[in-house]
Amino acid sequence: MRADDILHPTEAGLYCPPGDFHIDPIRPVARALITHGHGDHARAGHGAVLATRQTLEIMAIRYGADFAGQRQVAEGAIRVGDTTVSFHPAGHILGSAQIAVQPDSGPRIVVSGDYCRRANPVCAPFQPVPCDVFVTEATFGLPVFRHPDPADEMARLLASMAEFPDRPHLIGAYALGKAQRVIALARQAGIDGPIAIHGALQRLSDYHVEQGIALGPLIPATAADVPAQLVIAPPSAFASAWVQRFRDPVIGFASGWMQVRARARQRGVELPLVISDHVDWPQVTATIRELAPAEVWITHGAEEGLMRWCALEGIPSRPLRLVGYEDEPE
Ligand SMILES: [Zn+2]
Ligand SMILES: [Zn+2]
């Protein structure tokens, strides 16, 4: 069986005929295998969902307990149709997984979903899984993308808080994953007083704490005189009336895209924090070298640059051209 016959793009998403399932489908399907809880990968309305326990629980928090007809926790090797699948940590957000698909005869394909190689206090590290075909994202798949050490970014936040002790520091971060990572990084950097969080972060942050991730004292960022200098909120909050309760705030934003200064300026961000949950160029190329797959398939992002690099390395590659992942939280 050729790799193409095992997985190929369809309008609903990546489809596996021998297993009769889709991976991270963008439309409702009979059986979905889901890599992680971000909205562009995990959608409600599938007949059956197979995912890690934490991804299933995150989906229940976001979409309600009845988000799919059936839910199955991915543990160990699982038979699905004429394939065996297994889930392995991706290092992207809590519960995130790569999915390995092994047909009864034919190449083993690993779909990495979104992944990151840098240590992250809110999730298990990426686990390299030997494979014949490696499916990789290329969100930051250009040589210009080199993400700094998050500890250095947090040091800049602390320096700003010390320089402007009377100004609240409002940091934009996506509600699932990035917000909790920024809070955990702030604790590692030595901020031990209360951190205020926007209401949209409450349930997902509570869930991280339930899962054993120490976030320290969190208070709701509702009152105008919230007694915390550091406030974390989702990007949408900055376009709402909520932000107007803070007097003379320092506006920050935590994202891999903050490396692009024009984006920071466009958003009116005074304190851009380059903190990414995706592989940058050195990480994606090192991962491909480490796995040494026979072939690389490239999904959302800068496909051309990575294809050119693969060609120079003598590794066949091609773009998957999946649609529907444009609004990746990053
Ligand atoms: Zn993601
Ligand atoms: Zn994605």
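This is a predicted model: local features need pLDDT of at least 70, side-chain atom pairs count only at pLDDT 80 or more; totals for chains, interfaces and linings use all residues.
1. Residues are numbered from 1 along each chain as its sequence is written, and side-chain values use heavy atoms, with hydrogens and water left out.

2. Helix H7 (residues 281-291) packs against helix H8 (residues 303-313) at an angle of about 40°, and their axes are 12 Å apart. The two helices are therefore oblique to each other, a word kept for angles that are not under 35 degrees (roughly parallel), over 145 (roughly antiparallel) or 65 to 115 (roughly perpendicular).

3. Contact (heavy atoms within 4.5 Å) is made on the H7 side by Trp 281, Val 284, Thr 285, Ile 288 and Arg 289, and on the H8 side by Gly 305, Leu 306, Trp 309, Cys 310 and Glu 313. By class, this contact has six nonpolar, two polar and two charged residues, where Ala, Val, Leu, Ile, Met, Phe, Trp, Tyr, Cys and Pro count as nonpolar, Asp, Glu, Lys and Arg as charged, and the others, Gly among them, as polar.

4. A pocket is an open set of points on a 1 Å grid where a 1.4 Å probe fits, with protein on both sides within 12 Å along at least five of seven lines, and its lining residues have an atom within 4 Å of a point. The second largest pocket is lined by 18 residues, with Thr 52, Gln 54, Pro 89, Gly 95 and Ser 96 nearest its centre.

5. Within the lining of this second largest pocket, strand S8 (83-89) and helix H2 (53-63) each supply at least two residues, and the largest share, three residues, comes from S8. The lining divides into nine nonpolar, seven polar and two charged residues.

Notes
Chains are lettered from A and ligands numbered from 1 in the order in which they are written. Axes are lines fitted to C-alpha atoms, for helices over the stretch in contact, and angles run from 0 to 180 degrees between N-to-C directions. Helices (H or I, at least four residues) and strands (E, at least two) are DSSP runs, numbered from the N terminus.
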